[in-house]
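User: Please show me how to read the features of this model, one at a time. I would like the general idea, then the case in hand.

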Amino acid sequence: MSNQRIIVDPITRIEGHLRVEVVVDEKNIVKEAYTGSTLWRGIETIVKGRDPRDAGFLTQRICGVCTFSHYRAGVEAVENALGITPPLNAVLTRTLMNATLFLHDHIVHFYQLHALDFVDIMSALKADPKKASDEAFKWCDYPYACGSDQLKLVQAKIANFAKKGSLGPFANAYWGHSTYRFTPEQNLIALSHYLECLRLQRVIAQAMAVFGAKQPHPQSLTVGGVTCIMDLQDPARFGEYMVKLEETADFVNRAYYPDLLMAGTAYSKEASVLNDVGVANLITYKDFQIGANEFLFDGGYILNGDISKVYEVDEALITEEATSSWYKDNGPLHPYDGKTEPNYTGLREMQTLNAQGKMESSKAFDTAGKYSWIKSPRYNSTPMQVGPLANVVVNYAKGNPTVVHVVDTFLKRTGLPLTAVFSTLGRTAARMIEAKIISDNTMKAFNALIENLKIEDTTCSRYVIDSKKSYKGRFIGNAPRGLLSHWCRIENGVIANWQAVVPSTWNASPKDSKRQMGSYEACLIGLKIADLKQPLEIIRKIHSYDPCIACAVHVMDTRGNELSSYKINPSLI
């Protein structure tokens, strides 16, 4: 049977609700792809009419994962609108907090969300722990949690799950799939690190809480600077942060990095993870300030994968449109003028292939019309890919010495060509490379902050909001998933309009008025699926972007009814 439609809904091991529909030919090759979300965010509506100083506390609720990213964006967009320059102490404190977010996000993404697309857990039960320990030393001089005794305990723990007939977090996966490439011993190594990451993610979250009070949803940023004054005056708090950062960096360098070396080598000839960059236009922004005038990453964009030319970003060329999205106002709008008025048109009945390999009638996307709550951001009318891949490639192309060294070393160790970066495998490796660069260089910001505190202790800048003036401002920077921007207008002392253009909106965008695809859809075209009842290849590719659909979509009642109303007495808070 030719031209079968496959629906994967929901894509699991991500934040939020994402649905993927593909049309395959008689050879199981993807000819059409559609990705969309069935959620609506609504934060932009919630902040309207609010005091701008409250924006960050509300926008961080966009997501339960990268809460600091939206918190920072909400605060810094208002600072930009009001013309506020925070003191260096505040800027560097924000960098230390941002580093913990990136490290937490990246290691959890790989091990808890994405690694199982590469690691066959059931195969690890067949491994020889002694051989696995020897294998670990091929990739690292001092491998993390890979002694033969520890590996034997890890193996026994999973075997005990299996004997009980329940695999717990490892249930309902496609174990034994033909596109897995690790040996049993390599699977056991990665499984050990999976379990260690469950412990370590608590450590790096605690590091965020040193200056942020808690994680998720830290509380110490304010318009003008930071409020963690007592922590910045306490050497013990710096010591606590440093110890937790060092423990996390140790894991990155002795577990995460070698595991990607191992994966890069093992999967170097697996077609389903190569030559699938998706959208080859890559964009990122200057970010991660680690000194008075020093940034870890530079910004820019490249077109069509051509790293010989890097262009500077012109924020005036950023737009969002809703041709295929469940909103009114289809045409492209700059975020300062953006609108989020819902226009839900629903799904349609059609024949699709179910998990048992049989055709059945089901609800599917109206692919000729609107099919997602995610909008379509474009740069100069062109779809762009954002994320660690874009950040690493653009900085490599610009000759950023820190990035060039880490990338070249990784490619040399794996034997992969530079072109392999433009793929699912490359996207997964780039996230690790970004984590390694951050973990190896955050102490520069840490030391710069200590030195600056010796000469001045300012943590917040003074400002005035004139209710008679109109303001507009934005934040543009990078979240763990890539380019993030928040745009606001302030009128009569309150927020008049707010728009957030987030990384997963760029990557997961549906087709625009020119039928140009976002990167999720584009990376699936041409994919050969080994078994239509077990579409691991689709999940692996989508997971490589670390989707955060709660961020990407915009809560609402499709009938237009008010969901709830709240009245809060500020004097009681």
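Analyst: Let's begin with the second largest pocket: it has 22 lining residues, and R72, E76, P86, Q289 and F475 are the ones nearest its centre. The model is a predicted one, so local features need pLDDT of at least 70 and side-chain atom pairs count only at pLDDT 80 or more, while totals for chains, interfaces and linings use all residues. Residues are numbered from 1 along each chain as its sequence is written, and side-chain values use heavy atoms, with hydrogens and water left out.

User: What is a pocket, and what is a cavity?

Analyst: Rolling a probe the size of a water molecule over the atoms shows where empty space is left. On a 1 Å grid over the protein atoms alone, a cavity is a set of points where a 1.4 Å probe fits but cannot get out; a pocket is an open set with protein on both sides within 12 Å along at least five of seven lines, and lining residues have an atom within 4 Å of a point. Grid points are joined across faces, edges and corners, and the volume is the space filled by probe spheres set on them. For the second largest pocket that volume is about 580 Å³.

User: Which elements each supply at least two residues of the lining of the second largest pocket?

Analyst: They are α3 (67–82), α4 (88–114), β7 (287–291) and β14 (471–479). Such labels are DSSP runs numbered from the N terminus: helices are H or I with at least four residues, strands are E with at least two. With 5 residues, α3 gives the most. By class, the lining has 9 nonpolar, 6 polar and 7 charged residues, where Ala, Val, Leu, Ile, Met, Phe, Trp, Tyr, Cys and Pro count as nonpolar, Asp, Glu, Lys and Arg as charged, and the others, Gly among them, as polar.

User: How do the axes of α4 and α10 cross?

Analyst: Axes are lines fitted to C-alpha atoms, for helices over the stretch in contact, and angles run from 0 to 180 degrees between N-to-C directions. Helix α4 and helix α10 (residues 235–266) have axes that come within 11 Å and cross at roughly 35°. This crossing is left-handed; that term applies if the near helix is turned anticlockwise from the far one by less than a right angle, and right-handed applies if clockwise. Contact (heavy atoms within 4.5 Å) involves residues including L96, L103, I107 and F110 of α4 and L245, F251, V252 and Y256 of α10. The contact residues of this pair are 13 nonpolar, 3 polar and 1 charged.

User: At roughly what angle do the axes of α12 and α13 cross?

Analyst: Helix α12 (residues 401–414) and helix α13 (residues 424–453) cross at roughly 130°, their axes coming within 10 Å. Therefore α12 is oblique to α13: angles under 35 degrees count as roughly parallel, over 145 as roughly antiparallel, 65 to 115 as roughly perpendicular and the rest as oblique. The crossing of α12 with α13 is right-handed. From α12, T402, V403, V406, V407 and F410 meet A429, M432, I433, K436, I437 and N441 of α13. These contact residues comprise 8 nonpolar, 2 polar and 1 charged.

The other neighbour to look at is helix α11 (residues 388–397), whose axis comes within 8 Å of that of α12, crossing at roughly 110°. That makes the pair roughly perpendicular. V392, N395 and Y396 of α11 touch V403, V404, V407 and D408 of α12.

User: Which elements give two or more residues to the lining of the largest cavity?

Analyst: The largest cavity holds about 170 Å³ of space. Its lining has 17 residues, with V407, L411, L418, A420 and V421 closest to the centre. The elements are α11, α12 and α13, and α13 provides the largest share, 5 residues. This lining has 16 nonpolar residues, 1 polar and no charged ones.

In the second largest cavity, about 80 Å³ of space, the lining includes E320, E321, K328, D329, K339 and K375. Its residues divide into 3 nonpolar, 2 polar and 6 charged.

User: What should I look for in the backbone?

Analyst: Most residues other than glycine have a negative phi, and most peptide bonds are trans. Here the bond from D9 to P10 is cis, with omega near 0°, and P10 sits in the loop between β1 (4–8) and β2 (18–24). The Q215 to P216 bond is also cis, with omega near 5°. N380, not a glycine, has a positive phi of about 55° and lies in the loop between β13 (376–379) and α11.
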